[in-house]
Amino acid sequence: GALLVNERIDREELCGALSPCSLSFEIVVENPLELYSGTVEIQDINDNDPVFPSSQARLEISESVAAGARFPLESAQDPDVGINSLQTYQLSANPNFALDVQTRVDGSKYAELVLEKELDREEQKELNLVLTALDGGSPPRSAHVQIHIDVVDANDNAPVFNQSTYKASVRENTPSGTLVARISAYDLDDGPNGDIVYSFSSHTPAKVRELFALDSATGELRVKGQLDYEETKLYEIYLQAKDKGAVPGVAHCKVLVEVVDVNDNAPEVTVTSVYSPVPEDAAPGTVVALLSVTDLDSHDNGQVNLKHILVQVSDVNDNAPKPSQDSYDVYVLENNMPGIPILNVSATDPDHGRNAHLSYTLLQGDPTFGHLFSINRENGTLYLLTSLDHEDQVEFSMMVQVQDGGFPPLATNVSVSVFVTDVNDNAPTVLYPYPNTTSTYTDVVAPGTPAGHMVTKVVAVDADAGYNAWISYTLLQATDPSLFSVGLHNGEIFTARQLREDDAPEHTLVILLKDHGEPVLSTSATVSISVAEIVKEVLTDLTDVAPANDPRRHVTFYLILAVILVSAAFFITMLSVGIFKCYKWRQSKELYNSSRSTTYRTPGPFNHIDAVRGGFTPPNFYHQVYLTTDSRQSDLLCKKPFTSSPLGSRQGTIRNGEPGLYHQIVGTASRLTTPAE
């Protein structure tokens with residue numbers, strides 16, 4: 001088993017600049033059959049001196065070059081690698097230049113002269129420097145080159161590249177003459193001083209000059225030799241642009257050329273043994289085949305597709321159905337056609353055969369859903385069996401179970417939410433004034449009422465939702481269109497101007513109510529308003545009358561209750577009204593006889609009759625009613641309106657709480673009348 005050297009080894013001849021340098025081999029051991037790979041690495045020794053391309057270099061530098069300018073120098077070449085390769089450069093002592101050693105991408109070194117002190121041609125016309133290249137051996141090997149610098153008058157404008165670094169990529173084995181990159185520089189000078197010549201920089205390696213060619217006039221860099229990705233993957237090429245002036249200006253740039261691998265090396269595949277079939281539940285690490293694969297290409301080109309090996313795998317039901325999403329939100333317009341599909345629940349199962357056959361079931365969490373929804377067991381299509389109504393129910397939530405056909409079966413539940421979206425299928429409904437009734441409701445306003453006074457309010461609702469339920473109010477028709485106005489969004493009816501004596505006593509307003517749906521649905525409400533002159537006179541007469549405390553204030557309450565009962569009974573039968581009036585007359589007589597000594601008595605604080613229901617009528621439209629003890633001889637009087645009540649009381653509303661009604665109560669207790677009479 002010993003491995004011997006058969007002949008003298010020269011690392012530079014075998015591998016050139018490639019490091020590490022290795023030779024690979026394979027060993028096959030039998031009984032049992034095993035395959036081993038081996039590698040012999042050839043180590044380098046420092047047996048080569050650095051070598052410059054020429055023994056002398058000549059530079060022409062203008063005296064106007066500013067300090068900090070750099071001048072690339074010719075690089076030395078050392079075929080050794082690693083520490084034995086070229087490691088550094090040294091420059092002889094001088095007052096003007098310093099040496100800056102740079103490292104390329106591949107690790108090789110190159111040197112640049114850096115001007116530290118500006119040159120003066122009148123003091124010194126030329127300089128002679130010595131550049132020494134040293135490797136890292138022990139002892140180090142070296143090479144020298146003489147650098148002769150001519151100081152001349154400067155061309156005041158040097159060429160300038162439009163970018164300092166160019167990048168390009170080219171496929172290996174590209175034919176000669178293929179364009180790689182086009183560099184471009186400009187010079188602001190005229191004539192020969194502005195003409196630019198492109199060339200390789202002095203420290204460009206000879207190998208690069210063999211592989212690439214540069215057009216000195218156009219700056220086109222083209223392929224010259226045969227590129228091999230396996231040999232070099234990236235080339236760092238340094239170029240310069242020089243004008244034709246007496247003292248040429250020079251600009252430098254760098255071109256990075258990436259060599260793209262092509263599949264130019266066939267793979268080597270060796271199949272030793274194949275184990276087939278392999279069960280699905282085989283343990284990890286089970287050997288299927290013993291292969292040996294080699295391909296010198298890289299990346300995808302180095303990925304090898306073997307000979308097809310058929311491995312039979314038996315399936316078990318070890319995967320539950322996987323739905324495409326865990327939950328679904330479905331939006332359906334109300335008033336839909338029955339029987340339409342609204343959703344397709346989809347799922348997959350990576351198992352095979354019967355284990356991958358899926359069935360869909362609607363879980364009956366709510367028994368009513370079975371009459372509304374149905375699902376196709378085979379394809380998961382969810383159907384809507386009946387027409388839905390947004391106003392009846394907005395959302396339905398259910399669960400769909402997806403089950404495979406394995407044994408035992410595996411199942412997954414999917415949540416489905418069906419949202420019923422609204423359509424404009426309901427017109428506004430008027431709550432006040434009451435629609436579809438034979439009775440007429442009249443709101444009362446006093447003469448001389450100023451502009452801006454709220455008389456009543458039209459109240460309506462829309463069973464739809466959102467924008468379809470927005471209601472706007474418009475005055476469609478009026479006895480006097482200039483007298484009243486209606487709020488566009490709240491339905492409040494205001495006086496548009498002050499009431500005059502010549503205004504009509506009765507006004508009928510037709511209010512148009514429209515929603516904002518598509519199409520627009522509308523309805524109308526009729527409001528009757530009376531201008532009551534008698535109210536104004538009565539209020540004026542009793543302006544200065546103030547209530548006093550009376551322990552019998554409950555008598556007033558009974559009288560007001562009697563007025564309400566009489567008004568309601570009048571519409572039922574005239575006979576009941578006559579009987580009721582007789583009863584009240586007798587009651588009044590008894591009260592008169594029992595308190596005859598008092599000629600005029602005002603009752604105590606009176607609970608006012610609130611004619612406002614939820615703000616439908618202005619809150620200051622309240623009145624207190626006072627009676628004399630001898631109601632047979634005195635009229636029912638009304639005091640001037642109270643200030644706004646903060647309570648918004650709803651107690652004792654006339655006509656069983658009908659909003660917006662104001663009744664004048666005039667005459668003796670035995671003659672009670674209403675506007676309806």
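**Loops, turns and contacts**

Author: Let's start with Pro139, which sits in the loop between strand 8 (126-135) and strand 9 (142-152). Keep in mind that this is a predicted model.

Reader: What is the peptide bond from Ser138 to Pro139 like, cis or trans?

Author: That bond is cis, with omega near 0°. There's also a cis bond joining Glu518 and Pro519, where omega is about 5°. You'll find Pro519 in the loop between strand 37 (506-515) and strand 38 (522-531).

Reader: Why do Asn173 and Asn335 count as partly exposed?

Author: Partly exposed covers what falls between buried, under 20% relative accessible area, and exposed, over 50%. Asn173 has 34% and Asn335 has 42%, so both get that label.

Reader: How do strand 6 and strand 7 pair?

Author: A general idea to begin with: side chains in a regular strand alternate between the two faces of the sheet. Here, strand 6 (residues 97-103) and strand 7 (residues 109-115) pair in the antiparallel sense over seven bridges. Val101 stands opposite Ala111 in strand 7. The two strands form a hairpin with five residues between them, and Gly107 in the turn has a positive phi of about 95°.

Reader: Now Thr412: is it buried or exposed?

Author: Thr412 counts as buried because its relative accessibility is 19%, and the cut-off is under 20%. Thr412 is part of strand 29 (residues 411-421). Its side chain reaches the backbone oxygen of Pro321 at 2.7 Å. Thr412 and Ala320 are 92 residues apart along the chain, yet their C-alpha atoms are separated by 6.8 Å.

Reader: And what does His390 touch?

Author: Leaving out residues up to four places away in sequence, His390 touches Glu334, Val420, Thr421, Asp422 and Ala465. A polar atom of the His390 side chain lies 2.7 Å from the backbone oxygen of Val420. His390 is in a loop, between strand 27 (381-384) and strand 28 (395-404), and is buried at 14% relative accessible area.

Reader: Which residues make the nonpolar surface patch?

Author: Val271, Val274, Ile309, Val311 and Val313 make that patch of about 350 Å². Val313 is exposed, with a relative accessible area of 53%.

How values were computed:
Residues are numbered from 1 along each chain as its sequence is written. This is a predicted model: local features need pLDDT of at least 70, side-chain atom pairs count only at pLDDT 80 or more; totals for chains, interfaces and linings use all residues. Side-chain values use heavy atoms; hydrogens and water are left out. Patches are made of residues with over 30% relative accessible area and no salt bridge: like charges are joined within 9 Å, nonpolar side chains (Val, Leu, Ile, Met, Phe, Trp, Tyr) within 5 Å. Accessible areas come from the Shrake-Rupley method with a 1.4 Å probe; for residues, only the protein chains shown count as cover. A salt bridge is a side-chain nitrogen of Lys or Arg within 4 Å of a carboxyl oxygen of Asp or Glu. Buried means under 20% relative accessible area, exposed over 50%, partly exposed in between (1.4 Å probe, protein chains only). Helices (H or I, at least four residues) and strands (E, at least two) are DSSP runs, numbered from the N terminus. A polar contact is a pair of N or O atoms within 3.5 Å; within protein, one must be able to donate a hydrogen and the other to accept it, and residues adjacent in sequence count only if both atoms are side-chain atoms. Contact means heavy atoms within 4.5 Å. Two strands pair if DSSP finds at least two bridges between them.
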